[in-house]
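Please keep the sequence and the model in view while reading.

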Amino acid sequence: MLPVVVVHGGAGHVPKEIAELSTIGVKEATRTGYAILQKGGSAMDAVVEAVALMENNPRFNAGRGSVLNVKGEVEMDAMVMDGRTLDSGAVSAVRRIANPVQLARLVMEKTKHLCLTAEGASKFARSMGVPEVPEESLITDYAKMRWKKNLEPDANPVECQMGKMGTVGAVAVDKDGNIACATSTGGMINKMEGRVGDTPCVGCGGYADNNIGAVSPTGHGEAIMKVTLSRLILFHMEQGKTPEEASDLALTYMKERVDGLGGAVVVDPKGTWAAQFSSLQMSWAAAQQGELHFGLYHGEHFVEPVQENI
């Protein structure tokens, strides 16, 4: 059953043409992560590279496709977690960084802290030789259009997300049985300057523990934070639930308790995985035993060879 990698491109509701491109993107990211695992690479290597690929894809709300805050600027969050040691690294409200997930990994590996924010994260990035990119390179015409459309004072923050896939993330188990997760996001459309969502928060925007499994969620960040969604899913798995059952229980609770929609990709130490969501759509893909699994709508589960198109 090992290795395995599972990727999501965000929960939401987008037009058909954008959804199709999102599906292509998660399949590409999954193939990339799986190739690393097949060559003996670590789960951490796999999830970081899979997420970085989606950060570079303007179809996703992360990195180069990030949504804009109320001032029309890009502020991004990302996190990684190592299930072997429970080490984690995160960045929040970072600007002019092409791949926040890679910076989050540097926070984990090169500092004693778990999260750096805003200008402090930028200073750390410079000290690590991470190049800054022009903010314009991270802003797409589509993001500008969504920003302008949702400037009205009565715009609903959840409905504003419709039309753009949300947070991206990945979970993996490598050949050695080590587990990792990575999550990255541009946040919520027209958010207040300085707003930080669930993504960089351990137990909310991700969690990985070799003894239980790993989770990377997507959806309305404030709702995810209120129920600590990632840790809640793993709690249910500790009680004996499968990744699919645990995800459904936690997502149902989030909907009933705080009226939040979302989704998650989950894996356990044996390689059993799930991609569940309460939103209308969630682009997802998984690679295991030479097969690529993927879907977008509820009930969809397509399978093709991983090696196809490589």
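The sections below go from the sheet to the helices and then to the rings.

## Basis

This is a predicted model, in which local features need pLDDT of at least 70, side-chain atom pairs count only at pLDDT 80 or more, and totals for chains, interfaces and linings use all residues. Residues are numbered from 1 along each chain as its sequence is written, and side-chain values use heavy atoms, with hydrogens and water left out.

## Strand S9 and its sheet

Helices (H or I, at least four residues) and strands (E, at least two) are DSSP runs, numbered from the N terminus. Strand S9 spans residues 262-267, and six of its six residues are buried, buried being under 20% relative accessible area, exposed over 50% and partly exposed in between (1.4 Å probe, protein chains only). Gly262, Ala264 and Val266 point one way from S9, while Gly263, Val265 and Val267 point the other way.

Two strands pair if DSSP finds at least two bridges between them. The open sheet has four strands in the order S7-S8-S9-S10, with antiparallel pairing. Its edge strands, S7 (207-209) and S10, each pair on one side only. S8 (residues 213-219) is joined to S9 by six bridges, with serine 216 partnered by valine 265. Five bridges connect S9 and S10 (residues 273-277); on S10, phenylalanine 277 is opposite glycine 263 and glutamine 276 is opposite alanine 264. Five residues lie between the strands of the S9 and S10 hairpin, where glycine 271 has a positive phi near 100 degrees.

## Helices on the sheet

Helix H7 (residues 229-238) lies across S7, S8 and S9 at about 140 degrees to S8. Helix H8 (residues 243-258) packs on the sheet and touches S9 and S10, its direction making about 20 degrees with that of S10. Contact means heavy atoms within 4.5 Å; axes are lines fitted to C-alpha atoms, for helices over the stretch in contact, with angles from 0 to 180 degrees between N-to-C directions.

## Aromatic rings

The structure has two aromatic pairs. Tryptophan 273 and tryptophan 284 make a tilted pair, at 5.6 Å centre to centre and 50 degrees between planes. Rings of Phe, Tyr and Trp (its six-membered ring) pair with centres within 6.5 Å; planes under 30 degrees apart are stacked, over 60 edge-to-face, and the rest tilted. Tryptophan 273 is buried at 16% relative accessible area, and tryptophan 284 is buried at 3%.

Phenylalanine 294 and phenylalanine 302 have ring centres 5.4 Å apart and planes at 35 degrees, so this pair is tilted. Phenylalanine 294 is buried at 10% relative accessibility, whereas phenylalanine 302 is partly exposed at 41%.
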